[in-house]
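Please keep the 3D view open while you read.

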Protein chains: 2
Amino acid sequence: MRSNRHPSVSKSFDLSGYISRVCRSVDSALDGFLPAEKTKPATIHKAMRYSIFAGGKRMRPAICLAAAEACGGEWKDAMAAACAIECIHTYSLIHDDLPAMDNDDFRRGKPTNHKVFGEGIAILAGDALLTQAFEILAAAPRRSRHSPSDFILDLARASGSLQLIAGQVADLEAEGKTIPIADLRYIHEQKTSALLCCSVRLGGMSVNCTASQLRALTEFGYNVGLAFQIIDDILDVTQTTEKLGKTAGKDTTSKKATYPALLGLEKSRKEASRLTDRAFAALKPFKKRAAALNALAEYLLKRDH
Amino acid sequence: MRSNRHPSVSKSFDLSGYISRVCRSVDSALDGFLPAEKTKPATIHKAMRYSIFAGGKRMRPAICLAAAEACGGEWKDAMAAACAIECIHTYSLIHDDLPAMDNDDFRRGKPTNHKVFGEGIAILAGDALLTQAFEILAAAPRRSRHSPSDFILDLARASGSLQLIAGQVADLEAEGKTIPIADLRYIHEQKTSALLCCSVRLGGMSVNCTASQLRALTEFGYNVGLAFQIIDDILDVTQTTEKLGKTAGKDTTSKKATYPALLGLEKSRKEASRLTDRAFAALKPFKKRAAALNALAEYLLKRDH
């Protein structure tokens, strides 16, 4: 039945091969964009690289590059956008993990940045990666429909005080409180959906997508992003620390509002599934070119860690 | 004698009136660029505005707007650049003041951001102002010689891990150590000179300056920036807390490397003066149009707080 609902997902699509190729290409591009580890002052570049190369799944770059493909473009043209987004994502993790925020000791199975380099350097490494993102985008080539400043405006809005940072603030303020589901949805929209949505948008814009393609990518990105965060909530209550690579059950311990806590596990799973269906629907106009985006969305819904 | 050496500085230049007008214009523009205080989530916008409107001297915006004037342009065309730079400057102060960094309780005579809003929000308010800077620049109009992405590249480099953040890292690492004067100069170049230099460059670029004008502005900005920081060091050892509006003598207490500590007061004053002379020399090609830039440089060298 699933293949009927999502006709453009080929059963033979080699997603793990695709993700491996994304990781290799993005790692290589990031290695070129970031100052070398020995560049003075070495501490900050070591700290930036420690978190950038800490084994992230490169989900946002993958979605960015797959969106470029869906619009008929090539990876190389969207690589700057993919790397800029990964810099923003990594900076937000470094700062979120700080003792003054979520106070996490582990991330992706490794000690968090401030546990290795100290809080001062961790704050600065986050700042530096945030700044690096805009430097990378500013050097990207102009397209006839979209200029580098369009990319930067999109990324700055998605990462700014009305979206990514808004989500983190609302999250901090909700800690230990019982909040309505609408407030939790707001947190997830800002904290996760905004940047995932921006990832697909920048992928499309990097290969000169049309206005209607951009609308479809936005709808896809928004829904996948929200589903992704709900699944994160679900995994936190159902998985072990070992499998997640971070401290599991932490959300429950610190009485953080989560979808399972507010809606229950089954309803949360249904909501994630409903959002993913909407995401798939948005991809129809792209037909077979959206095979990778479709497969990535399937993966996000089915993942168990 | 001074008027012979700096012929374009009119004795009748009303600098305090000029700075007042800069402050009013920049405050009004920043008020328009930043989300309103009540915008959800209100905490972050209150925190951003608390530090942006904490009574800063707007020295970087003034230098940016005066550089636009020197190139024959108008303030309004450089206002986005002036505000973006003030956002970067303010973010760097908020993060520098954190307990994990310089651990300062007062700034401009008021409690620092984290003393009012807590560390988590202070970190995020800094992040948000950094992001806001690029959002402001990305929306700036294109000039025939310089595009918004040129501005962004310049600002990202000046603020990134090779300059502004490099200076802060080197500063952190030098704490409690005796370092050679070359290392202290590197810290000052990156921590202060880079952003001041960027301020004049963006002022010129915003009004479509030529390549040779940009070179002259760069030379001016670099030298004024370095002089400015040496004077900061001098004032820290010679002034009282009340007059400075921040904790005086702190650099001595924490055994921070400063120019007076390494070179002595008189040699430090001479070095600041030498750099300012080089700055004045760079302004000669702009003739009378550089009156405000000249007056600002004079003020930076003569200030006593």
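## Backbone details and the chain contact

B:Lys287 is exposed, because 11 other C-beta atoms lie within 10 Å of its own. On this scale a residue is buried with 20 or more other C-beta atoms within 10 Å, exposed with 12 or fewer, and partly exposed in between, with the C-beta atoms placed from the backbone. You will find B:Lys287 in the loop between helix H15 (265-283) and helix H16 (291-302) of chain B. Its phi is positive, about 50°, although B:Lys287 is not a glycine.

Before going further, a word on the model: it is predicted, so local features need pLDDT of at least 70 and side-chain atom pairs count only at pLDDT 80 or more, while totals for chains, interfaces and linings use all residues. Residues are numbered from 1 along each chain as its sequence is written, and chains are lettered from A and ligands numbered from 1 in the order in which they are written. Helices (H or I, at least four residues) and strands (E, at least two) are DSSP runs, numbered from the N terminus.

A:Arg108 sits in the loop between strand E1 (106-107) and strand E2 (110-111) of chain A, and it counts as partly exposed because it has 14 C-beta neighbours inside 10 Å. Most residues other than glycine have a negative phi, and most peptide bonds are trans.

| Cis peptide bond | Omega | Loop holding the proline |
|---|---|---|
| A:Lys40 and A:Pro41 | about -10° | between helix H2 (15-33) and H3 of chain A |
| B:Lys40 and B:Pro41 | about -10° | between helix H2 (15-33) and helix H3 (42-52) of chain B |

Now to the contact between the chains. How many residues does each chain give? The contact takes 41 residues from chain A and 41 residues from chain B, where two residues touch if their C-beta atoms, placed from the backbone, lie within 7 Å. On the chain A side, the elements giving two or more residues are helix H3 (42-52), helix H7 (119-138), helix H8 (148-159) and helix H9 (164-174). H7(A) supplies the largest share, 13 residues.

Finally, how are the copies related? A rotation of 180° with 0.0 Å of shift along its axis superposes chain A on chain B (RMSD 0.0 Å), by least squares on the C-alpha atoms of residues with pLDDT of at least 70 in both. The two copies are therefore related as by a two-fold rotation axis. In chain A, the C-alpha nearest this axis belongs to A:Ser149, 2.9 Å from it.
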